[in-house]
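Please look over the sequence and the model shown here before reading on.

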Amino acid sequence: MPDDIYVNSLFRSLGFYENEIRAYLGLAEIGKSTAHLLSKKLGIPRSTAYAALESLVKKGLVSIAQKGATTFFSVFKQQEIVNVVAVV
């Protein structure tokens, strides 16, 4: 997708790691997901997906929500990300 190429290029230029970019794009496609489901989609270990998602949470690009014992991740809306990137 052209948008994926733009986001990938932008994130690379800002110093994001490959796993962070893949996790962000995969999560953007899925919507809300657990690290386990995202890792299956991306074909990476769950621990790698979880680490990338936690990093994206710290960077303000992904939100986190608990439902019982399950942790769900979702991307912020595009305008919120533009605001975060403008600060970086």
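The sections below go from the overall layout to helix packing, the nonpolar core and the salt bridges.

## Basis and overall layout

This is a predicted model, in which local features need pLDDT of at least 70 and side-chain atom pairs count only at pLDDT 80 or more, while totals for chains, interfaces and linings use all residues. Residues are numbered from 1 along each chain as its sequence is written, and side-chain values use heavy atoms, with hydrogens and water left out.

The protein has five helices and two strands, where helices (H or I, at least four residues) and strands (E, at least two) are DSSP runs numbered from the N terminus. Along the sequence these elements follow the pattern α-α-α-α-β-β-α. Of the 88 residues, 33% are buried; buried means under 20% relative accessible area, exposed means over 50%, and partly exposed lies in between (1.4 Å probe, protein chains only). Among contacts (heavy atoms within 4.5 Å) between residues at least 6 apart in sequence, 43% join residues at least 24 apart.

## How α2 packs against α4

Two packed helices are described by the angle between their axes and the distance between the axes. Here the axes of helix α2 (residues 18–30) and helix α4 (residues 46–58) come within 9 Å and cross at roughly 85°; axes are lines fitted to C-alpha atoms, for helices over the stretch in contact, and angles run from 0 to 180 degrees between N-to-C directions. The helices α2 and α4 are therefore roughly perpendicular to each other, since angles under 35 degrees count as roughly parallel, over 145 as roughly antiparallel, 65 to 115 as roughly perpendicular and the rest as oblique.

On the α2 side the contact is made by Asn 19, Glu 20, Ala 23, Tyr 24 and Leu 27, and on the α4 side by Thr 48, Ala 52, Leu 53, Ser 55 and Leu 56. By class, this contact of α2 with α4 has six nonpolar, three polar and one charged residues; Ala, Val, Leu, Ile, Met, Phe, Trp, Tyr, Cys and Pro count as nonpolar, Asp, Glu, Lys and Arg as charged, and the others, Gly among them, as polar.

## The nonpolar core

A nonpolar core is a set of buried Ala, Val, Leu, Ile, Met, Phe, Trp, Tyr and Cys residues joined through side-chain atoms within 4.5 Å. The largest one holds 19 residues, of which Phe 11, Ala 23, Tyr 24, Leu 53, Leu 56 and Val 62 touch the most other members. The elements that give two or more residues to this core are α1 (2–13), α2, α3 (35–42) and α4, and α2 gives the most, with five residues.

Leaving aside residues up to four places away in sequence, Val 62 touches Tyr 24, Leu 27, Leu 56, Val 57, Phe 73, Ser 74, Val 75 and Phe 76.

## Salt bridges

There are three salt bridges, each defined as a side-chain nitrogen of Lys or Arg within 4 Å of a carboxyl oxygen of Asp or Glu. Lys 59 and Glu 20 meet in one of them (3.0 Å, N to O), and this pair links distant parts of the chain, with Lys 59 in the loop between α4 and β1 (62–67) and Glu 20 in helix α2, 39 residues apart. Glu 20 is buried, at 4% relative accessible area, whereas Lys 59 is partly exposed, at 34%.

Glu 29 and Lys 41 also form a salt bridge (2.9 Å, N to O); Glu 29 lies in helix α2 and Lys 41 in helix α3, so the pair ties together parts that are 12 residues apart in sequence. Arg 12 forms a salt bridge with Glu 18, with the closest N and O atoms 2.2 Å apart.
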